[in-house]
Amino acid sequence: MSTDRFEAHDYYMMDELLTDEHKLIRDSSRAWVKETVSPIIEDCFEKAKFPEHILPGLGEIGAFGPYIPEEYGGAGLDQISYGLLMQELERCDSGLRSTASVQSSLVMYPIWKYGTEEQKQKFLPKLASGEWLGCFGLTEPDHGSNPGGMLTNFVDKGDHYLLNGSKMWISNSPLSQVAVVWAKNEEGRIHGLLVEKGMEGFTAPEMHGKHSLRASITGELIFNNVKIPKENLLPGRNGLGAPLSCLDSARYGIAWGAIGAGMDCYDLALRYSKERIQFGKPIASFQLIQKKLAEMITEITKAQFLTYRLGQLRNEGRATSAQISMAKRNNVEMALDIAREARQIHGAMGITNEYSIMRHMANLESVITYEGTHDIHLLITGLDVTGIAAFNS
Amino acid sequence: MKLLVCISKAPDTTSKIAFTDGNTKFDENGVQYIVNPYDEWYALVRALEIVEASGGTVTTITVGTEADNPVIRKALAIGANEAIRIDAEPKDPFFVAKQIAEHAKEGGYDIVLTGKETINYNGAQVGAMVAEFLDQPFVSLATKLDVNGNTATLERDVSGGLEVVEVATPFVLSAAKGMAEQRIPNMRGIMAARTKPLNVVAPVELAALTSVINYELPNAKAECKYIDPENMEELVELLHNEAKVI
Ligand SMILES: Cc1cc2nc3c(=O)[nH]c(=O)nc-3n(C[C@H](O)[C@H](O)[C@H](O)COP(=O)(O)OP(=O)(O)OC[C@H]3O[C@@H](n4cnc5c(N)ncnc54)[C@H](O)[C@@H]3O)c2cc1C
């Protein structure tokens, strides 16, 4: 099985744009990942086993809600720090990053932004430490790219709400203590509800058979007349904009994460091509290999700057959803292209678990689909520049 | 227990090594620095373990410029209570040791810990000199340290075996591999490091005793030669005439 010899590449001395603390956070998370996760990740992937035991460690390195204020158990960090953490996790595995970005951006973020003080006190510290896991239920069997058409709904029963419906493709769901569930009220308005493990009529069965993100656990959420206490509604915001604002935060993290996956593949390809001898010389001496490597580092460098600038805009609260869509789309495609080229450079070895490339490639097929598919993000940019929506008739 | 740990920076092991100023100065351009591993993994972590078990404080000391602040912050993030930086370019081992000793003699430390050497210059002199300036015992290359009241027991690797040494505090030691295990800073530690004191103090006036005339890089690694397994004569010929090993 593979050993983690990763060395970071910083072609444009981008590190000079980071603070000492950014670098300390990044280097510490990288060291933790190498020590704790790299040795087990291939096995987890092969056996489709979610490494639950590392959750407290993820909490310790600050991967859960790093930008949540310290009073709620977060680290009160900026958006660049969040991005760097996601980069380091996805450098190892997109599933690892998924666990953290769902917890941070799709569970902690809405509770922090739209929850009551009691909800924040009850959930955020335990989610930040990794004692609890959370999930985000938006997608339904018949509503993926079009979540606004959702059928899951709740009815006001006076002293409680009654929730019915189902969600599908939900990361972390089978192991979650709390699910942030988006459902329509009687007027058809979307609200967020905090559904807790053990509530009567609520189940979260695991989904099997994924060829991608196998080290991350995915499941359904099934609500069969679930009584939800009224204090479990997120009062701060309603409408589709509420879940979409969470997705903005998660997609921003994915944009950084994808750079991590791309860097890992490039690093492996560069090293392998210098070590592998064919026709009496390292394959790195052939022009076609150099073209692949040169294009990889060019694309990584471009993505690093795009994403760093996006981080600055987010720090200032100025990044638009459309800007985030552009970065998510660009970077995930970049990483997937690099994974494919890196796999070719490795020849037959590239398909084995000696190298992380094929795992990254398989994982990125999920990443390019979830949190808005590749094409939907393109249409968001299209809408942004033309003012005309092309995804609904 | 009051412990003082000497911390210096060293280039990351993946750095490209080059020199400037007519090969008299290390070229720092583009070099990433880490905490010298012997200082961090062994001396600092063992010091922290000791105060965690039986109370006390760990202070770090660095002779260096502002460029050393990141590695000092890392030491604080790992768990040191406070840091001192003597604001001077480290000129030579004598200069560094004297600066540290000047501070240490006022500080009333029970143990001064250094790494056995820095991984860039491999001088291995600072600890011994600090001990001399403080007129304290010195235990070099310690792989194990236990403290019981005013007595410390240390282990050292010696040729073909182990030496167990006992020494009364205060004393100075240099730490070698085995004394402790690397600790990765966690987010709490990184956040706490923001507000821990990093005291910058002026150096004492002092001239260095040595100066570097020249650095040289080792010869580039020769390319690997492949010899046909049928052609033993050529192999012997090359080993004899070219490599001159037989
Ligand atoms: C591993 C994994 C984990 C996930 N985790 C979560 C989670 O935690 N929470 C959650 O809520 N969801 C989650 N999802 C669901 C994910 O967000 C959806 O799969 C995604 O939004 C796409 O929906 P869909 O699969 O129904 O595809 P569809 O919407 O059916 O899309 C199928 C294809 O049609 C295209 N298409 C759709 N509409 C248009 C249009 N108007 N114009 C052009 N093309 C269009 C799409 O681009 C795509 O190529 C996860 C998915 C995966 C694979």
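1. The ligand has 22 residues around it, and the closest are L138(A), G144(A), S145(A), T373(A) and F391(A). A residue is taken as near the ligand if its C-beta atom, placed from the backbone, lies within 6 Å of it. In chain A, β1 (134-137), β3 (160-171) and α10 (374-386) are the elements that give two or more residues to this shell. Helices (H or I, at least four residues) and strands (E, at least two) are DSSP runs, numbered from the N terminus.

2. A word on the source: this is a predicted model, where local features need pLDDT of at least 70, side-chain atom pairs count only at pLDDT 80 or more, and totals for chains, interfaces and linings use all residues. Residues are numbered from 1 along each chain as its sequence is written, with chains lettered from A and ligands numbered from 1 in the order in which they are written.

3. Now the two chains: 15 residues of chain A are in contact with 13 residues of chain B (C-beta atoms, placed from the backbone, within 7 Å). On the chain A side, helix α1 (residues 20-47) gives the most, with 9 residues.

4. In chain B, strand β9 (residues 138-148) pairs in the parallel sense with β12 (residues 171-175) over 3 bridges; pairing requires at least two DSSP bridges. V139(B) has L173(B) as its bridge partner in β12(B).
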